[in-house]
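Here is a short tour of one model, taken feature by feature. Have the sequence and the 3D view open as you read.

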Amino acid sequence: MNTSALIRPAWTPATIALMVIGFMVFWPLGFAMLAYIIWGDRLEGFKRDVNRATDGIFAGCRRRSEKAARWGHGSARTGNVAFDDWREKELERLAEQRRKLDEMLSEFDEYARELRRAKDQEEFDRFMANRNKSTAPSSTSSSDKAGPEGGKGTNLLDD
């Protein structure tokens, strides 16, 4: 059984054909295939290096967030009881303020949503009224053609 891949980073008929087709369809695809043919064998090492770098970055972020979580949740005591009590009260006050602000934000969002709905409804009603005016059948009778004076001056017997 053949264990080699059909498309691998080498000058094979399949990769050359894909490169030519890539250039004909959209030139960046051709360049991408050319880059894969030339530098594709280095992708495993590059991928491994990128994974190590990102793991290092995120590990540092994790350490900082754990440190911040210990400080913020009061698990790391300073040893000064008065300061620790004051800090706990301040953090509770700030949490309460945050909760109130979140409630106000949700109330405002609901108000703005209702305002937009009312405005949209008013615009829709205006559109439908204008649409109904333009599509209503116009009934023109002889009394309508007489004018605003009710027909005065149009009939000789009225004079």
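## A nonpolar patch

A patch is built from residues with over 30% relative accessible area and no salt bridge, where like charges are joined within 9 Å and nonpolar side chains (Val, Leu, Ile, Met, Phe, Trp, Tyr) within 5 Å. Here W11, I16, V20, I21, M24, V25, F26, L29, I38 and W39 make up such a nonpolar patch on the surface, with about 1000 Å² of accessible area together (Shrake-Rupley, 1.4 Å probe, only the protein chains shown counting as cover for residues).

Helix α1 gives the most to the patch, 5 residues, and I16 sits in that helix. Both α1 and α2 supply at least two residues each; helices are DSSP runs of H or I, at least four residues, numbered from the N terminus.

## What the model is

This is a predicted model, with local features needing pLDDT of at least 70 and side-chain atom pairs pLDDT 80 or more, while totals for chains, interfaces and linings use all residues. Numbering starts from 1 along each chain as its sequence is written, and side-chain values use heavy atoms, leaving out hydrogens and water.

## α1 against α2

The axes of α1 (residues 13–25) and α2 (residues 27–39) come within 5 Å and cross at roughly 155°, so the two are roughly antiparallel (over 145 degrees). On the α1 side the contact (heavy atoms within 4.5 Å) includes T15 and F23, and on the α2 side W27 and I37.

## Salt bridges

There are 7 salt bridges in the structure, each a side-chain nitrogen of Lys or Arg within 4 Å of a carboxyl oxygen of Asp or Glu. One joins E90 and R93 (2.9 Å, N to O).

Methods
Axes fitted to C-alpha atoms, helices over the stretch in contact; angles between N-to-C directions. Parallel < 35°, antiparallel > 145°, perpendicular 65-115°, else oblique.
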